[in-house]
Amino acid sequence: MSHDSIAAAASVLAEARKTGRPCCRISERFGISTLADAYAVQELNTQAALAQGRRLSGRKIGLTSLAVQQQLGVDQPDFGMLFADMECRDGEAIDSSRLIQPKAEGEIAFVLGRDLPNPDTTLAELVRAVDHLLPALEIVDSAIEDWKITLVDTVADNASSGLYVLGKNPLPLAGLDLALEGMLLEKNGTQASIGVGAACLGNPLDACLWLARTMAEFGRPLQAGDVLLSGALGPMATVSAGDSLRLRLTRLGEVACHFV
C-alpha cells in the first residue's frame, strides 16, 4: 500500500471526526486491506493528534469477544488510543455533538502504577503493574457510515474510539476473580446489556496482557498512569441525546452518565 493512500485515508477519517459527518468505508475507497496498513492509518492520526497538543491517557482493547472475532475472521483483538480529552466524569452530561453515531459498552478499566516496556511481559509483571481497577463506560463511535465496518475500517478509525467514563471508587486487583465479574448496563432505567468478565477473552487480565505485549512491539509501550479499557463484557447499546446510562459491576461498583 502506498504512503499516499494511507495518508489520504487518515485525512478522510480525521475530517469525518472533525465535521461529525461519517464517511464511506476507507477499506474500499483507498484499498486498505491489511491490518498493517490499517494500523499505519491509525498511527498517522495519532501522530497528528499529539502534534496538536492532545495527550495520550491510555489504550482501549476491542474485539475481545471470541464470537465477534470468528465473525470477522480474526484470531486476536485490536487496539486504539485513548486521549485525555476523551475522558468524561462520572455523572457528567455529555454533549452528543461530540459524537457521530455512539454506542455504549460496560467494561473494567485497569490503571497502571508501573511501566510495561517489554514485548514478553509476563502475567506476573502485569499483575504487579496494576495499581487499581475502576468500572468504565466506553462510548464507542464510528466515523464510517451506519457502522458498516470491516476489521481494517475499525482499526484505521482508532478502533472506533469515542469517549470513556470512569467510576470514582478504585479497588485493588488482589482477591478478585475478574472472569466472574458480572455486568449490568441500564439505559433510561431499563436493562440494555448484561455480561460477565469471562466474555472478555476468558478474563480481562488476558486481554490486558495481550495489549501490554502488543503495544511494546508497536513502539508505544504502556506506562504508569495509563488507563486500559479491557473490552466489552456484553453487547453494545445504541445511545443518543436524552439517554441516561448506568453501569453496575458485581464488586467494582458503578458509573453513570447522560447525553444532552
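Strand S5 (residues 103–112) is mostly covered, with 10 of its 10 residues buried. Buried means under 20% relative accessible area, exposed means over 50%, and partly exposed lies in between (1.4 Å probe, protein chains only). Strands (E, at least two residues) and helices (H or I, at least four) are DSSP runs, numbered from the N terminus. This is a predicted model: local features need pLDDT of at least 70, side-chain atom pairs count only at pLDDT 80 or more, and totals for chains, interfaces and linings use all residues. Residues are numbered from 1 along each chain as its sequence is written, and side-chain values use heavy atoms, with hydrogens and water left out.

Both faces of S5 are covered. On one side sit Lys103, Glu105, Glu107, Ala109 and Val111.

Now look at the partners of S5. Strands of a sheet pair through backbone hydrogen bonds, either parallel or antiparallel. Here, two strands pair if DSSP finds at least two bridges between them. S5 pairs with strand S6 (residues 130–140) in the antiparallel sense, over 10 bridges. Ile108 has Pro135 as its bridge partner in S6. S5 also pairs with strand S10 (residues 227–229), again antiparallel, over three bridges. There, Phe110 has Leu228 as its bridge partner. Strand S11 (residues 237–238) runs antiparallel to S5 and is joined to S5 by two bridges. Lys103 stands opposite Thr238 in S11.

Is Leu137 buried or exposed? Leu137 is buried, because its relative accessible area is 0%. Contact means heavy atoms within 4.5 Å. Leaving aside neighbours within four places in sequence, Leu137 is in contact with Glu105, Leu163, Tyr164, Val165, Leu185, Leu245, Leu247, Val255, Ala256 and Cys257.

Ile149 lies in the loop between S6 and H6. Ile149 counts as partly exposed because its relative accessibility is 26%. Not counting residues up to four places away in sequence, Ile149 touches Arg25, Ser142, Ile144, Thr154 and Ser160. Lys18 is 131 residues from Ile149 along the chain, and their C-alpha atoms are separated by 19 Å.

Next comes an open sheet. Five strands form this sheet in the order S4-S13-S12-S8-S9, with mixed pairing. Strand S4 (93–94) and strand S9 (190–196) stand at the edges, each with a single partner strand, so one side of each is left without a neighbour in the sheet. Strand S12 (residues 244–249) runs antiparallel to strand S13 (residues 253–259), joined by six bridges. Ser244 stands opposite His258 in S13. S8 and S12 also pair in the antiparallel sense, over five bridges. Met183 stands opposite Leu249 in S12. Strand S8 (residues 182–187) is joined to S9 by six bridges, and the two run antiparallel. Lys187 stands opposite Thr190 in S9. The hairpin of S8 and S9 has two residues between the strands, and Asn188 in this hairpin takes a positive phi near 55°.

Turn to a helix. Helix H3 (residues 35–51) has 17 residues and reaches 24 Å from its first C-alpha to its last. That is close to the 24 Å expected at 1.5 Å a residue. The expected span is 1.5 Å times one less than the number of residues. Which residues of H3 are buried? They are Asp37, Ala38, Tyr39, Val41, Gln42, Glu43, Thr46 and Ala49. These buried residues pack against helix H1 (3–19), strand S2 (78–83), helix H6 (151–156) and helix H7 (204–218). Just after H3, Gly53 takes a positive phi of about 100°.

The structure holds one cavity of 30 Å³ or more. A cavity is a set of points, on a 1 Å grid over the protein atoms alone, where a 1.4 Å probe fits but cannot get out; lining residues have an atom within 4 Å of a point. Grid points are joined across faces, edges and corners, and a volume is the space filled by probe spheres set on the points. The largest cavity has a volume of about 40 Å³. Its lining consists of Leu35, Tyr39, Leu63, Val74, Gln76, Pro77, Asp78 and Leu151.

Methods. On a 1 Å grid over the protein atoms alone, a cavity is a set of points where a 1.4 Å probe fits but cannot get out, and a pocket is an open set with protein on both sides within 12 Å along at least five of seven lines; lining residues have an atom within 4 Å of a point.
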